[in-house]
Amino acid sequence: MNIENFKRVLDIIEEHPDKWDQTVWHCRTAHCLAGHCELLLAEVQPQVTEDIEKQVCLMEKGLSTDEEYRKKDELVILTKERARGFLEVSHYEADFLFDQDRTLEDFQQVLDEGIDVAMEEIEGS
């Protein structure tokens, strides 16, 4: 796990808790952990910004066709893969970190104890 990048994301979430919502990837005002990772990537990869805007526009408009749902799913998968690469975690670790039930306390435990120990303790409880 890239602890430096993980700390960068957590610092943003802690400084702006109103911009963090673990239940949504991206919306105009809030983002989950993976969404915040993608926002940091957007600072150096302009295409990422375009993809985020597409996802936000789809969600604001409302999904009504199979094509719109498919496109949204593709963008969510892309967000997850970009965030996974940014944090340098496995698919399994990404599923744990990006779960909608994760809390700031869970993330702090990952920092304090390492992801393997935190995952075992949190998921075992």
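Biologist: Does lysine 54 count as buried, partly exposed or exposed, and at what relative accessibility?

Modeller: Keep in mind that this is a predicted model. Buried means under 20% relative accessible area and exposed means over 50%, with partly exposed in between. Lysine 54 has 39% relative accessibility, so this residue counts as partly exposed. Its place is in helix α3, which covers residues 46–61. Lysine 72 is 18 residues away from lysine 54 in sequence, and the two C-alpha atoms are 8.5 Å apart in space.

Biologist: How many helices and strands does the chain have?

Modeller: There are seven helices and zero strands. Read from the N terminus, the order of elements is α-α-α-α-α-α-α.

Biologist: Which radius of gyration does the chain have, and what would a compact globule with 125 residues have?

Modeller: A compact globule with 125 residues would have a radius of gyration near 14 Å; the chain has 15 Å, so the two agree. The C-alpha trace spans about 45 × 30 × 25 Å along its principal axes. As for burial, 42% of the 125 residues count as buried.

Biologist: Next, charged pairs. How many salt bridges does the structure hold?

Modeller: Side chains of opposite charge can pair when their charged atoms come close. The structure holds five salt bridges. One of them joins glutamate 38 and arginine 82, with the closest N and O atoms 3.0 Å apart. Glutamate 38 lies in helix α2 (residues 33–42) and arginine 82 in helix α4 (residues 66–87), so this pair ties together parts that are 44 residues apart in sequence. Both glutamate 38 and arginine 82 are buried.

Biologist: Which residue forms a salt bridge with glutamate 81?

Modeller: The partner is arginine 84, and the closest N and O atoms of the pair are 3.2 Å apart. Glutamate 81 and arginine 84 are three residues apart in helix α4, which means a separation of about one helical turn. Glutamate 81 has a relative accessible area of 31%, so this residue is partly exposed.

Biologist: Where does alanine 94 lie, and how far is its C-alpha atom from that of arginine 84?

Modeller: Alanine 94 is in helix α5, residues 91–97. Along the chain, alanine 94 and arginine 84 are ten residues apart, while their C-alpha atoms are separated by 5.9 Å. The relative accessible area of alanine 94 is 0%, so this residue is buried.

Biologist: Are arginine 102 and aspartate 106 buried or exposed?

Modeller: Both residues, arginine 102 and aspartate 106, are buried. They form a salt bridge with each other, the closest N and O atoms being 3.3 Å apart.

Biologist: Last, the surface. Which residues form the negative patch?

Modeller: To read a patch, take residues with over 30% relative accessible area and no salt bridge, and join like charges within 9 Å. Here Asp112, Glu113, Asp116, Glu120 and Glu121 form a negative surface patch. Two or more of its residues come from each of α6 (104–113) and α7 (115–124). Helix α7 gives the most, with three residues.

Biologist: Does aspartate 116 count as buried or exposed?

Modeller: Aspartate 116 has its place in helix α7. The relative accessibility of aspartate 116 is 56%, so this residue counts as exposed.

Key
Residues are numbered from 1 along each chain as its sequence is written. This is a predicted model: local features need pLDDT of at least 70, side-chain atom pairs count only at pLDDT 80 or more; totals for chains, interfaces and linings use all residues. Side-chain values use heavy atoms; hydrogens and water are left out. Patches are made of residues with over 30% relative accessible area and no salt bridge: like charges are joined within 9 Å, nonpolar side chains (Val, Leu, Ile, Met, Phe, Trp, Tyr) within 5 Å. Accessible areas come from the Shrake-Rupley method with a 1.4 Å probe; for residues, only the protein chains shown count as cover. A salt bridge is a side-chain nitrogen of Lys or Arg within 4 Å of a carboxyl oxygen of Asp or Glu. Lys and Arg count as positive and Asp and Glu as negative; His and the chain ends are not counted. The place of a charge is taken as NZ of Lys, CZ of Arg, CG of Asp or CD of Glu. Helices (H or I, at least four residues) and strands (E, at least two) are DSSP runs, numbered from the N terminus. Buried means under 20% relative accessible area, exposed over 50%, partly exposed in between (1.4 Å probe, protein chains only). The radius of gyration is taken over C-alpha atoms; the globule rule is 2.2 Å times the number of residues to the power 0.38.
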